[in-house]
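Here is a short report for a reader who is new to this structure. Please look over the sequence and the model before reading on.

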Amino acid sequence: MSDPTAHHVGITVADLDRAVDFYTETFDLDPLSEFAVGGEAFAEAVAVEGASAAFAHLDADGARVELVEYDPAGDGDADPELNRAGATHLGLSVDDVEAFYDGLDDDVETLSPPRTTESGTTILFVRDPEGNLIEVLDA
């Protein structure tokens, strides 16, 4: 058996173009590729009848962020809470969380201003346009 290695972090979105714009403009992630996948094998693999999907891969300093828009789209959940079992978030580090926060567009939703935790790490949680959570922390 081979040893697993990390390949990507996947985030399902309702509007791929809007999500790509957000991640490239807000976090300056570099686009790597965009592609579509469909067919019976894909639908069976994701267990969604008749599924096809559009993908965008973005580079986060060597970590690949995969944004995917499915057709048909599933039902969206309410804004996820971090303390809910199964909750997920993407973690991205920046040199200066306070400066990053100060430079955010007014329409970017945050859970709070940056806070320095007991561990000494400054963190900030933001939501992408789909409501997905992103933790921004000191590099």
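## Confidence

pLDDT is the predictor's confidence in each residue, on a scale from 0 to 100. The model shown here is predicted. Its chain has a mean pLDDT of 91. A value of 70 or more is reached by 96% of the residues.

## Overall layout

The chain holds three helices and eight strands. Read from the N terminus, the elements follow the order β-α-β-α-β-β-β-α-β-β-β. The C-alpha atoms fill a box of roughly 50 × 40 × 30 Å along the principal axes.

The chain has 139 residues, and 32% of them count as buried. It exposes about 8,900 Å². Carbon and sulfur atoms supply 45% of that area. Take the contacts between residues at least 6 apart in sequence: 51% of them join residues at least 24 apart.

Four strands build an open sheet in the order 1-4-3-2, with mixed pairing. Strand 1 (9–12) and strand 2 (30–37) stand at the edges. Each has a single partner strand, so one side of each lacks a neighbour in the sheet. On average, neighbouring strands of this sheet are turned by 20 degrees against each other, direction ignored.

Strand 3 covers residues 52–60 and strand 4 covers residues 63–71. The two pair in the antiparallel sense, over nine bridges. Which residue of strand 4 is the bridge partner of Ala 54? It is Glu 69.

Another open sheet of four strands has the order 5-8-7-6. Its pairing is mixed. Strand 5 and strand 6 (115–116) take the edges. Each of these has a single partner strand, so one side of each is left without a neighbour in the sheet.

Strand 7 and strand 8 run antiparallel and are joined by five bridges. Ile 123 has Leu 137, in strand 8, as its bridge partner.

## The nonpolar cores

The largest nonpolar core has 25 residues. Tyr 23, Phe 27, Val 65, Leu 67 and Ile 134 touch the most other members. Two or more residues each come from helix 1 (16–26), strand 3, strand 4, strand 5 (90–94), helix 3 (97–102), strand 7 (122–127) and strand 8 (133–138). Helix 1 gives the largest share, five residues.

## Two residues up close

Thr 26 lies in helix 1. Is Thr 26 buried or exposed? Its relative accessibility is 18%. Buried means under 20%, so Thr 26 counts as buried. Not counting residues up to four places away in sequence, Thr 26 touches Asp 21, Phe 100, Leu 104 and Val 108.

Key:
Residues numbered from 1 in each chain as written. Predicted model: local features only at pLDDT ≥ 70, side-chain atom pairs only at ≥ 80, totals over all residues. Heavy atoms only, no water. Pairing = 2+ DSSP bridges. Axes fitted to C-alpha atoms, helices over the stretch in contact; angles between N-to-C directions. Core = buried A, V, L, I, M, F, W, Y, C linked by side-chain atoms within 4.5 Å. Buried < 20%, exposed > 50% of the residue type's maximum accessible area, 1.4 Å probe, protein only. Contact = heavy atoms within 4.5 Å. Areas by Shrake-Rupley, 256 points an atom, 1.4 Å probe, with all protein chains shown as cover.
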